Each structure stands twice: as C-alpha cells, then as structure tokens.
Amino acid sequence: GIGRPSGGQGSASVFREPDIDYLAQVARTAEHLGFEGVLTPTGTWCEDAWLTTAALIRETERLKFLVAFRPGAITPTLAAQMAATFQRISNGRLLLNVVTGGEPAEQARFGDHLTQEQRYARTDEFLTVVRGAWDGGLDFTGEYFDVQDARTKQAPDPIPEIYFGGSSAAAGPVAAKHVDVYLTWGEPPEQVAEKLDWMRGLAKEQGRELRFGIRLHVITRDTSEAAWAVAQSMIDELDPAHVAQAQEALAASQSVGQQRMRALHEGRRDVSDAHDLEISPGLWAGVGLVRGGAGTALVGSHREVAELIEGYRALGIDEFVLSGYPHVEEAYWFAEGVKPFFG
C-alpha cells in the first residue's frame with residue numbers, strides 16, 4: 001500500500017517509469033491526501049494529457065484533472081467537444097491548462113512555425129471559438145480559424161475553468177480577456193507581486209477579475225536541515241555535462257517565462273552548495289539547472305514551507321500547483337507536515 005516513506009529524508013534520485021499503474025497510484029494518493037486536483041503536462045517528452053487523465057477517471061472519484069494542451073495542435077471545436085465529453089464522463093472534474101508554446105523545436109514537431117505574437121493571437125481566437133461552442137454555437141471568421149455553427153452536443157456542466165500561463169507582452173491581454181486562473185512559475189515574491197499587478201490591470205481593462213495560481217516544486221521535511229540535505233543530494237547527483245546540455249537547450253527557448261526562470265540561477269553550472277541557489281529565503285532555483293518549465297522549489301521545515309506559502313497567498317495567489325521528487329513520497333510529506341498549518 002501507499003505509506004509515508006521510512007527514514008528521515010526519502011530519496012530524490014529514484015526514477016519510476018510513469019506507466020499507467022504508477023500514475024494511478026499518484027492520482028489515488030493525491031485524492032486520499034485531500035488535494036483538489038493534479039496537473040498533467042503536454043509535449044512530445046511525455047504522454048498525451050487527454051488520454052492519460054481519461055484513463056485515470058475511473059481510478060478516482062473526486063480528484064480534478066488540470067489537462068494541459070496546445071491550441072495549435074487541435075481545432076477549437078474539437079477541443080470544446082473533448083472537454084464537454086470529459087466533463088460528462090468524469091462528473092465535472094476537468095480543468096483546462098492552455099499552453100500557447102515557446103520552444104521552437106517542440107513547436108516544429110507539431111508543424112507549428114508561427115511567431116510568438118502570432119501564437120497568442122491564435123490562442124485568442126481559439127478560446128473565443130471554444131467558449132462560443134459551449135454557449136450554444138458560434139460563427140467565427142478570423143485570421144487563424146473560420147468556423148460555422150461551432151457547437152457541442154451539449155454544454156459541459158460545469159464549464160471547465162481555464163488556466164493559462166504566459167509572461168510576455170503578447171500573453172497578458174489574451175489571459176485578461178479569456179481565462180479564469182492566471183498561472184505563474186515560482187519566482188521570488190517581489191517578482192510575483194509585479195506580475196500579478198500587471199495582470200490585474202489588464203483584467204480591469206476587460207471588466208474582469210482573475211484568480212491567480214503558482215507552479216512550484218517543494219522539499220519539505222521535519223527540520224530545515226533535513227530538507228536542505230535533500231536539495232544538496234540532488235545537486236551532488238547532477239552530471240555537469242547534463243547540466244550544460246540542459247542549459248544550452250533552455251537558452252534557445254522563446255518563452256519569456258522560461259527566460260525568467262533561467263535568469264534566477266543565471267545559467268550557473270558549477271554549483272557545489274545547494275544554498276548557493278537559494279535566490280530568496282526558502283526559494284531554491286536548483287531544479288531549473290536541468291529541468292524546463294517550473295524551476296524553483298520551496299525548501300524547508302514544514303512550518304517554514306507553510307510560511308512561504310502564506311507569503312504568496314498574501315500577494316493574491318489562490319491556487320498552488322506543487323510537485324516533488326519522488327512524487328508520492330513528497331505528497332505525503334506535504335500533506336502530513338504542511339497542510340495541518342492551514343487547518
């Protein structure tokens with residue numbers, strides 16, 4: 001069965017093949033521990049998020065699935081239909097994470113060669129059609145989509161909330177116009193505050209209000225020393241050649257958010273002390289040495305991590321999308337150690 005790992009630290013070096021049985025274990029663990037939902041990624045480096053989460057519906061009863069997808073990979077009417085179907089068969093447990101793109105090589109794999117500005121303009125049209133299809137039907141003619149009477153069999157119930165991340169000038173207005181929850185990666189609090197103020201202003205221009213979420217890793221243990229020992233073990237196990245290769249690939253990213261993540265550790269490749277990458281109290285940029293996307297982690301004792309989360313909440317963050325290594329074990333550390341501080 002699933003239990004809290006024995007020992008003081010657990011292992012951050014364990015790799016488990018993400019087959020359907022293990023993913024089912026992760027989903028059941030998340031539900032058992034009282035987490036509201038799970039995010040599933042999109043890209044050619046992972047399994048398809050729609051199919052994987054659909055397979056996990058019958059493994060769970062309450063858990064929601066935040067399905068990441070690319071607007072350029074499928075038509076908006078098909079996306080609206082898939083979402084409506086998912087809502088019915090899951091009894092309303094779908095959330096949608098719109099990923100406009102950013103990595104040239106990844107975009108090219110899907111035959112997508114638009115510029116960043118063009119991709120966000122397409123996302124704007126895409127979400128207009130999706131919401132119109134859910135709302136009884138829509139005729140729409142734009143630069144990227146031309147549809148007549150786009151509709152679904154019936155409207156999804158409830159309408160899936162739309163999550164969206166994007167830090168570029170082109171991303172902000174699209175998010176302000178369409179989305180329910182704006183997501184940011186785990187930057188230092190002062191940078192997050194600036195981004196939230198930016199988005200609040202754009203949303204106000206649209207006559208809307210947004211909720212905000214943040215994407216972070218977490219390393220929480222009974223003591224601060226134990227948590228930082230895990231972070232240190234992750235640094236110690238890194239292959240410098242792997243770090244160099246990963247940083248070279250990340251440097252080519254067109255994503256402003258990815259560039260901001262990379263700037264936090266300044267592309268450093270010769271780190272020997274985990275604390276050297278503590279870019280703000282308790283905020284560690286070590287994950288970003290070898291991983292794209294979310295590159296920071298909250299590190300500390302359970303109380304310290306709870307206080308860090310409370311700090312982000314004070315800025316206006318409503319939702320926390322957390323992960324750890326290994327995932328099941330870190331879910332237990334967080335649920336049993338940190339969540340009690342929030343009642």
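This dialogue reads a few local features of a predicted model.

Q: Which residues of helix α6 are buried?
A: Buried means under 20% relative accessible area, exposed over 50% and partly exposed in between, with a 1.4 Å probe and protein chains only; helices (H or I, at least four residues) and strands (E, at least two) are DSSP runs, numbered from the N terminus. In α6 (residues 171-178), six of the eight residues are buried, namely A171, G172, V174, A175, A176 and H178, and what covers them includes α5, β6, β7 and α7.

Q: What is in contact with T52, leaving aside its neighbours within four places in sequence?
A: Contact means heavy atoms within 4.5 Å. T52, which lies in helix α2, is in contact with L23 and E47 once those neighbours are left aside, and T52 is buried, with a relative accessible area of 14%.

Q: In which sense do β8 and β12 pair?
A: Two strands pair if DSSP finds at least two bridges between them. Strands β8 (residues 211-221) and β12 pair in the parallel sense over five bridges, and L322 in β12 is the bridge partner of L216. L322 and F320 form the uncovered face of β12, whereas E319, V321 and S323 form the covered one.

Terms used
Residues numbered from 1 in each chain as written. Predicted model: local features only at pLDDT ≥ 70, side-chain atom pairs only at ≥ 80, totals over all residues. Heavy atoms only, no water.
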